[in-house]
Amino acid sequence: MTKRKRKEYYQAGEQVATLPTDKEGKAKIEDLYLGEYFAKEIPPSSRVSGR
């Protein structure tokens with residue numbers, strides 16, 4: 001018997017992933033269901049520091 005992936009539903013505006021970029025500034029994500037998504041860049045200077 002094959003296991004089925006459980007579908008996940010997201011609310012409008014909900015964060016679905018964090019995508020680090022490679023040395024060329026490219027990011028990749030897999031396994032998203034069909035739909036409309038947007039990416040929001042957060043510059044390094046605005047990230048919260050653990051200090």
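What share of the 51 residues of the chain counts as buried? The share is 0%, where buried means under 20% relative accessible area, exposed over 50%, and partly exposed in between (1.4 Å probe, protein chains only).

This is a predicted model, in which local features need pLDDT of at least 70 and side-chain atom pairs count only at pLDDT 80 or more, while totals for chains, interfaces and linings use all residues. Residues are numbered from 1 along each chain as its sequence is written, and side-chain values use heavy atoms, with hydrogens and water left out.

**View 1. Whole chain.** The chain has zero helices and zero strands (DSSP runs of H or I, at least four residues, and of E, at least two).

**View 2. Salt bridge between Glu24 and Lys26.** The N to O distance between these side chains is 3.6 Å; a salt bridge requires a side-chain nitrogen of Lys or Arg within 4 Å of a carboxyl oxygen of Asp or Glu. Glu24 is exposed at 59% relative accessibility, and Lys26 is exposed at 53%.

**View 3. Salt bridge between Lys28 and Glu30.** The closest N and O atoms lie 3.5 Å apart. Both partners are exposed: Lys28 at 66% and Glu30 at 55%. The whole structure holds two salt bridges.

**View 4. Nonpolar surface patch.** Tyr10, Leu19, Ile29, Leu32, Tyr33 and Tyr37 make a patch of about 480 Å². Patch residues have over 30% relative accessible area and no salt bridge, with nonpolar side chains (Val, Leu, Ile, Met, Phe, Trp, Tyr) joined within 5 Å. Leu19 is partly exposed, at 38%.

How values were computed:
Patches are made of residues with over 30% relative accessible area and no salt bridge: like charges are joined within 9 Å, nonpolar side chains (Val, Leu, Ile, Met, Phe, Trp, Tyr) within 5 Å. Accessible areas come from the Shrake-Rupley method with a 1.4 Å probe; for residues, only the protein chains shown count as cover.
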